[in-house]
Amino acid sequence: MRLVQLTVPTGKRETILGTLDDRGIDYVLTDEDSSREYTAVVYFPLPDAAVEPVLDELQDVGVDEDAYTVVVDAETVVSRRFQALREEYENGDVESERISRHELRAEAEELTPTFPVYAVMTIISAIVATAGLLLDSPAVVVGSMVIAPLIGPALGASVGTVIDDEELFVESVTFQIVGVVLAIGAAAVFALLVRVTNIVPPGLVLTNVGEISERLAPDLLSLAIALGAGVAGVVSIATGTSVALVGVMIAAALIPPAGVAGITLAWGQPSAAIGATVLVLVNLLSVNLAGLLTLWYAGYRPENLFQIGETEQRLRQRIVGLVVIVLVFAVFLGGITYASYEAGNFEQDAREEVEAVLSQGQYEEFQVLELEVTMSDNYPFRSPERVVVTIGGPPGESVPELADTLSERINRHADQPVDVEVRYVVVLD
């Protein structure tokens, strides 16, 4: 619930109070002596969903934008008329739970720090994320998400579009673009410094670091994470609930992939940076797309009714543009997902072939102990490159032709020739 404090313009007292009476709204009126333009200040409680329509109606009867209006949280209101007002406006859906567009704009601006602070915090979060990625420490990576100031610009662009505030939209988009560049650049510089000073082992293989390798070849699940973060972020800000945890989720979709992109550039592997960079971009666009759709579905519209048609047209254009770009990236991620699916099938087929060969009579004394498939370094579309089969058998037993047989059978399922290495291990009864 909200408590509205509104200055009453000269000559509009009776009209405004009559409007509040017609709506069944309790109010308190105090005289105002500090200005000739306003004669009083009226205080009245409203349910969240009633703030926007009531303020719009008051504006129609003479309260202009220059009037001093304050909307604050109210903890408790004891009033039968207020309860009736709540029943009138609240029906359990998202639209009835949302805050007014006036508060929405204020929330979006409040969540976006000044540019110097935004730049510094983005750089710090990227450096912390890079350190966590190189240490393979999920806790440090999560810590970098907490300090990332990304939720304000990510949601501000959507808010600016639906309420027809182009200044907020342009500012938010600029912040997002600069933020991504700063994050990747800071990660690359820090990772290069770490590498040349040998803070990490000189022979560190990025693919052996779990926190890094999982972001070098992202799949379609990453798109679901970004869309979910965008919807959750907008719902949280639109309903006036806490956005702290949602901000962490949005940062999770952007900061670690940006850190991985910077690390791969510092390691001189630009091709490996493709997957992480695409992940950053598709997540950023998906958050904006989800925000636009959710805000419009929640019922937010421009204050001026004559701007609705123009705003809807602009909204559709931006949604179509975002959908097209996201679909292009989704095809890219789909290719990576399919390559991963094919690699999984190949490993399963290879294991079945080894087991089928060892089930034959001449090899009955042998058993498969381990099968490992090594993938190529051609990120982000990796393919099987080598298969290592560890076979256990009795002492002194070795069947040279077994390796050739396994190689021939396994390569039946490979699109390209795969090296097969067979290792024998003595197994004692």
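**Entry 1: Arg13 and its partner.** The model is a predicted one, and I read every value as computed from it. I then asked which residue the side chain of Arg13 meets in a salt bridge. The partner is Asp31, with 3.3 Å from N to O. Asp31 has a relative accessible area of 57% and is therefore exposed, the cut-off being over 50%. I noted where the two sit: Arg13 belongs to helix H1 (residues 13–23) and Asp31 to strand E2, and the pair links distant parts of the chain, 18 residues apart.

**Entry 2: the sheet that holds E2.** I followed E2 into its sheet. The sheet is open, has 4 strands in the order E2-E3-E1-E4, and its pairing is antiparallel. E2 (28–31) and E4 (69–73) are the edge strands, each pairing on one side only. Direction ignored, neighbouring strands here are turned by 20° against each other on average. Between E2 and E3 (residues 38–46) I found 4 bridges, with the strands running antiparallel.

Entry 3: I turned to an open sheet of 3 strands, ordered E5-E6-E7, with mixed pairing. Its edge strands are E5 and E7, each pairing on one side only. From one strand to the next the twist averages 15°. I wanted to know where the mixed pairing comes from, and took each pair in turn.

- E5 (residues 367–375) pairs with E6 in the antiparallel sense, over 8 bridges.
- On that side, Glu370 has Thr390 of E6 as its bridge partner, and Gln367 has Gly392 of E6.
- E6 is joined to E7 (residues 419–426) by 8 bridges, and these two strands run parallel.
- On that side, Val389 stands opposite Val422 in E7.

**Entry 4: how enclosed is E6?** I asked how many of the 10 residues of E6 (residues 384–393) are buried. The count is 8, so the strand is largely enclosed by the rest of the structure. I then listed helices that lie across it. Helix H14 (residues 308–358) lies across E5 and E6, at about 155° to E5. Helix H15 (residues 400–410) lies across E6 and E7, at about 140° to E7.

**Entry 5: other salt bridges.** I went back to charged pairs, of which the count comes to 11 salt bridges. H14 turned up again here. Glu166 forms a salt bridge with Arg318, the closest N and O atoms being 3.0 Å apart. Glu166 lies in helix H9 (residues 166–196) and Arg318 in H14, so this pair ties together parts that are 152 residues apart in sequence. Glu166 has a relative accessible area of 30% and is partly exposed. I also noted a network of salt bridges that links Asp164, Glu166, Arg314 and Arg318.

Entry 6: Last, I looked up Arg423 and Glu421, whose side chains meet in a salt bridge at 2.8 Å, N to O. Arg423 is partly exposed at 40% relative accessible area, and Glu421 is partly exposed at 25%.

Technical notes. Residues numbered from 1 in each chain as written. Predicted model: local features only at pLDDT ≥ 70, side-chain atom pairs only at ≥ 80, totals over all residues. Heavy atoms only, no water. Buried < 20%, exposed > 50% of the residue type's maximum accessible area, 1.4 Å probe, protein only. Pairing = 2+ DSSP bridges. Axes fitted to C-alpha atoms, helices over the stretch in contact; angles between N-to-C directions. Contact = heavy atoms within 4.5 Å. Salt bridge = Lys/Arg side-chain N within 4 Å of Asp/Glu carboxyl O.
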